[in-house]
Amino acid sequence: MRHLYVVTLMLLIGLAIGCKRQVAKPPAPPQSATSVVEAAPDALPNENAASEIERPVDTNNVEQSVADESPIDNLEETSESTTSEVPENEPTVEPVADLEKAPSERFLLLTRDGPLVIDVVLRINDQPYTNALEQLVESVLKDIEGDEGEQETWAEMIDNPKFAYGQFGNLAPEDADQKTRLVDMYDTNQDSFVDRDELPRFLTRNVGGSRPFSLRSSNEFRGDNRTRSPVRRLLDVDHDGAITADEMQSAPSRLFERDADDDEILVLGDFKDSIALEQPQMSNQRRVNAPDTALLIGERTRWGYVSYALQETYAYGDRVAADDIPLTPELVELLDDNSNSLIDNNEVQKLTGIPPHLVLEVAFFNGKDAETSTTPSIRIVSACESLSAALDVARQHPTRLSFALPGADIEFFVNEDPSLANTSQTVTAQFSMLDGDNNGYLDVDEYSGQVLGINIPFEALDADSDEMVYEKEVGALLEQSQAVVRAQIRARAADQEDALFTALDTNGDGRLTAREIYGAPNILKELDRNQDMQLQSHEIPGTMAIGFVRGNAQQDNALLVMPTVSRANNDKELPAWFTGMDSNGDGDISPREFLGASDKFRQLDTDGDGFVSGDEAKQMERNARS
Amino acid sequence: MIRFGTVTLSIVFVGLSLSASADDSINERRAEMIARIDTLLSEQWAAEEIQPANRSNDSEFARRVYLDLTGVIPRVAEIREFLEDERADKRNRLIQRLLASPRYPTHLANTWRQVMLPGGLDLEQLQNVAGVQNWLRKQFAQNMRYDRIVSDFLVATGGGEAGPALYYTSLEVKPEKLAASTARIFLGLQIECAECHPHPFDHWKQEDFWGYAAFFAQLEQSENRRGPANVGLVDLDSGEVTLPDSETIVPPRYPDGNLVTAAAGGSRRVQLAIWMASRDNPYLAKAAVNRMWAHLFGRGLIEPVDDIGKHNPPSHPELFQALTAYFVDTGFDIKELLRTLTSTNAYQLSSRLDREPHAQELFANMAIKTMTAEQLYDSLNRIAGGRPANIPNFFAIRSNLFDQQRLAFIGKMRMQGSNATEFDAGVLQALTLLNGSNINAASQADQSGVLMALDSPLFSPEERLKSLFLGTLSRRPTADESTAFVAHVSDSNEPREAMGDVLWALLNSAEFALNH
């Protein structure tokens with residue numbers, strides 16, 4: 001009887017603790033693990049002239065290969081999971097009307113005080129993100145199979161003039177030996193025929209594990225972004241490890257010393273002294289013997305690694321208890337099958353089925369010109385009640401959003417290769433360069449053998465074989481070469497390098513403005529949790545960033561740059577004169593930017609804070625009208 | 001307890017007194033040097049029966065000192081504040097403020113980077129260039145002693161000091177190239193003429209050149225698997241130089257002719273660095289003083305600035321000697337030197353002369369200097385309003401050297417000559433100013449931030465014109481200018497475009513493009 005009572009009580013407790021939804025019901029957990037942490041992209045035959053063509057990654061030996069690597073290694077050389085199968089059924093292509101049914105990806109973000117389960121609904125052109133790659137595979141199959149639906153061999157396909165010249169930005173073999181190697185590389189089942197599930201790898205060159213979505217994780221600054229913060233070291237004048245009251249007061253003058261161009265704006269790069277080449281703004285470095293910052297959760301997740309990451313991050317290698325993760329203690333109860341109040345190794349797999357703490361939507365769009373192009377966006381769809389306080393003060397911009405949790409500031413952003421946005425201009429410019437006689441088409445004499453960086457013979461470019469290549473045919477080539485890039489979304493999660501910079505950046509736009517710099521002493525005092533006027537590094541919240549990008553994978557370091565946001569540009573009601581006078585675009589007019597006499601500045605600065613804000617400018621306009 | 005408090009108070013009082021007296025001593029010494037400079041120049045004018053130019057007006061002075069110390073013209077608000085300031089010592093206050101500005105070390109670094117890496121910006125070496133410039137900026141921001149800067153520069157090995165180490169690789173770590181370059185930059189000596197034969201005008205022989213080059217003979221670039229730009233340097237235990245076309249090894253020899261003694265420790269570069277900073281080196285301070293004088297006055301006390309020698313005496317020997325001694329006595333303090341020179345009456349003379357100009361080396365009027373391409377771009381940008389808030393590159397540092405628009409402009413506008421007072425512009429430069437995208441962005445009504453700003457109901461037509469003049473020429477318009485330009489705008493059906501015309505005219509004027 002007593003046993004029954006205890007079981008009943010446990011069930012009731014479990015039901016009561018479950019994470020309450022704050023807004024709309026989130027979408028179901030991912031239906032298939034379609035995303036992986038990517039392996040290295042395939043090399044072109046002529047890129048590795050002196051070495052063997054890379055084989056598909058042997059996932060059975062991944063962990064071992066990771067363990068053998070040097071302590072800090074480039075993410076390019078790591079991989080975690082396997083490729084997953086492409087569905088064999090004909091994919092349905094329908095616009096998504098209901099977020100609950102939209103395919104999404106789930107990942108675990110290991111913040112300082114506890115892991116967050118985050119679902120991301122990904123869209124490309126208002127369709128599920130999986131559609132783009134599926135559609136591309138379909139159209140390529142149609143091209144090679146023709147109307148009769150005859151399956152083509154790899155050897156035939158590589159010789160097919162529609163693919164032979166690297167039109168998809170992939171491999172263009174130069175000789176018979178390279179062709180043989182290509183066939184060997186992509187015909188994974190060695191049946192000589194092009195199969196549907198082999199095509200993605202050919203088209204993507206195994207970028208992103210040939211999947212529509214992939215996630216990389218950098219842990220280079222895990223635990224260091226507070227102690228090694230360049231801003232903290234700058235402000236700690238006497239280098240005693242603490243920012244004292246005097247140092248807090250002198251913070252503005254110390255910060256302004258780094259404003260090399262004196263434009264009253266500081267970015268993180270202003271705090272670096274020596275040039276550190278090949279070091280992107282968002283780290284791509286990974287320490288092998290330390291857990292990742294973010295982990296994909298799905299059918300093919302390496303659960304042993306997830307368990308290890310949780311234990312190492314929160315419990316010094318032991319099993320995780322609720323006390324270890326004060327931010328999300330309910331996770332223990334949700335996963336704890338055997339009621340021992342710990343997360344055992346075999347219990348982590350339940351992460352696929354529990355409600356997420358946060359649901360985001362990331363959207364990319366395909367436009368051709370300035371009128372039809374839309375910048376990518378990111379937004380919060382729903383969140384757990386325990387995050388509601390933080391999200392109430394979240395800083396939301398179209399391309400980035402950030403919020404503060406106990407112990408960590410979290411920033412999400414989206415970015416994409418600008419060349420994907422304005423393709424018509426690119427095509428027109430390229431065509432004009434080639435059309436020497438300006439007659440509106442290229443004939444064979446005008447054509448040099450290369451267009452848009454692709455070496456392609458005239459005959460292959462001349463789609464309708466009329467011996468004239470028109471601009472639309474060049475446009476078709478560009479569209480084809482960008483199709484793969486448009487069909488994949490990659491993400492990177494990393495601890496940011498400078499936690500104190502992020503804490504001072506109160507509006508989350510990636511810059512320290514004059515207002516924020518002058519406000520630094522107050523922020524520093526607020527961070528001093530025990531109010532002993534000694535701001536220690538452990539009192540500074542950590543900061544993490546997760547970026548979602550689309551573009552050529554070789555440009556990832558350039559794409560994974562936090563987009564800065566001009567506050568002024570977002571407010572369409574601001575008078576034009578205000579925007580014009582705000583020369584550094586920080587959303588305020590400082591005394592140095594003001595073009596009029598100082599008494600006029602004082603009149604405008606009605607709150608006397610030393611800046612003319614957008615609101616004060618609007619008020620002035622209203623007063624003038626009335 | 002009372003005794004303890006009394007003792008503590010006494011110590012504090014003594015400390016404050018000592019500090020105050022140290023400051024007084026510096027101020028006194030500076031005042032003496034300023035007076036000495038002006039006296040020595042005046043004596044020569046008197047001897048030559050020359051009437052120097054008048055003292056510059058406030059606009060002239062402010063614009064000049066902003067450009068010379070920070071590399072950019074003042075903002076509208078800044079020049080307005082200075083012109084309205086009625087304090088007698090406002091010029092000295094402005095000099096102090098500019099030397100404390102974050103742009104000062106940036107400008108000085110840019111200036112010295114161009115000295116160290118002449119020949120324009122090689123786009124393929126841009127990262128290296130930025131590294132050198134950022135390292136220099138750090139030294140100038142800390143007001144590091146100049147002799148220490150030179151020493152650190154000479155013994156750089158890379159890593160955290162990636163800046164100076166990259167300078168070595170730009171010269172392929174070749175002893176003869178490093179010898180020629182460092183001698184020119186730090187010693188003001190053009191000894192490369194003696195590389196192949198005795199110097200035609202000076203006393204340098206081949207042995208002197210190669211003896212100096214020998215200091216760089218035991219050096220090589222270390223292998224670094226992180227990439228070619230993360231350069232490292234390694235000092236070796238062996239390596240010699242020989243005279244050209246011979247097997248004769250030339251041991252290291254300082255430019256003063258002395259050989260390195262057996263007792264001297266450290267690598268050859270360390271030995272050279274020690275000598276550079278020592279009192280035995282008569283060249284370092286002279287070269288630095290001469291360069292700083294040339295930077296401000298448009299011409300050195302010795303011209304060319306990197307050709308110091310008996311064959312090329314200074315225009316004012318006593319002045320040069322006194323200033324060099326002063327620089328050494330103040331601890332090779334570059335900032336103090338600049339503060340002293342800009343405080344002189346000579347520096348504050350007008351460039352305007354209502355008679356035939358005197359020979360430049362008399363410094364009887366301020367020489368009109370060309371703006372460097374960087375100064376021109378940054379000044380255009382300042383009046384145009386705004387620059388990209390985020391330079392589109394992913395490098396871990398932010399350097400305006402990666403600003404593609406700035407690079408393109410500099411590439412077009414860079415003058416070929418090294419004489420700051422000669423305007424070597426051609427058609428390309430003229431067209432860039434007339435029709436370039438920067439000018440257009442600044443002066444077209446639908447693109448220009450400043451024109452949008454001035455369109456505000458806050459301003460009357462006169463106030464708008466005044467702001468344009470202050471922002472471009474750093475002065476108020478004359479009555480005639482005001483009448484003419486205001487009428488041009490008010491009579492126009494498109495007043496904002498008409499204002500753009502005014503701005504275009506101002507930006508294309510010689511008064512804007514020159515540092516006078």
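Mentor: Let's start with a word you'll need: a residue is buried if 20 or more other C-beta atoms lie within 10 Å of its own, exposed if 12 or fewer, and partly exposed in between, with C-beta atoms placed from the backbone. This is a predicted model, where local features need pLDDT of at least 70, side-chain atom pairs count only at pLDDT 80 or more, and totals for chains, interfaces and linings use all residues. Residues are numbered from 1 along each chain as its sequence is written, while chains are lettered from A and ligands numbered from 1 in the order in which they are written.

Trainee: What share of the residues of chain A counts as buried?

Mentor: 43% of its 626 residues. Chain A also has 23 helices and 27 strands; helices (H or I, at least four residues) and strands (E, at least two) are DSSP runs, numbered from the N terminus.

Trainee: How do I read a pair of packed helices?

Mentor: You describe them by the angle between their axes and the distance between the axes. Axes are lines fitted to C-alpha atoms, for helices over the stretch in contact, and angles run from 0 to 180 degrees between N-to-C directions. Take α3 (residues 76-84) and α20 (residues 461-472) of chain B: the angle is about 95 degrees and the axes are 8 Å apart.

Trainee: Which word describes how α3(B) and α20(B) lie to each other?

Mentor: Roughly perpendicular. That word covers 65 to 115 degrees; under 35 is roughly parallel, over 145 roughly antiparallel, and the rest oblique.

Trainee: Which residues make the contact?

Mentor: Contact means C-beta atoms, placed from the backbone, within 7 Å. Here α3(B) brings B:Val76, B:Ile79 and B:Arg80, and α20(B) brings B:Ser467, B:Leu470 and B:Gly471. They split into three nonpolar, two polar and one charged (nonpolar: Ala, Val, Leu, Ile, Met, Phe, Trp, Tyr, Cys and Pro; charged: Asp, Glu, Lys and Arg; polar: the others, Gly among them).

Trainee: How far apart are domain 1 and domain 2 of chain B?

Mentor: Their C-alpha centres lie 31 Å apart. Their contact takes 16 residues from domain 1 of chain B and 14 from domain 2 of chain B. The bounds, from an automatic or database domain assignment, are 24-55 + 283-367 for domain 1 and 144-276 for domain 2.

Conventions:
Two residues are in contact if their C-beta atoms, placed from the backbone, lie within 7 Å.
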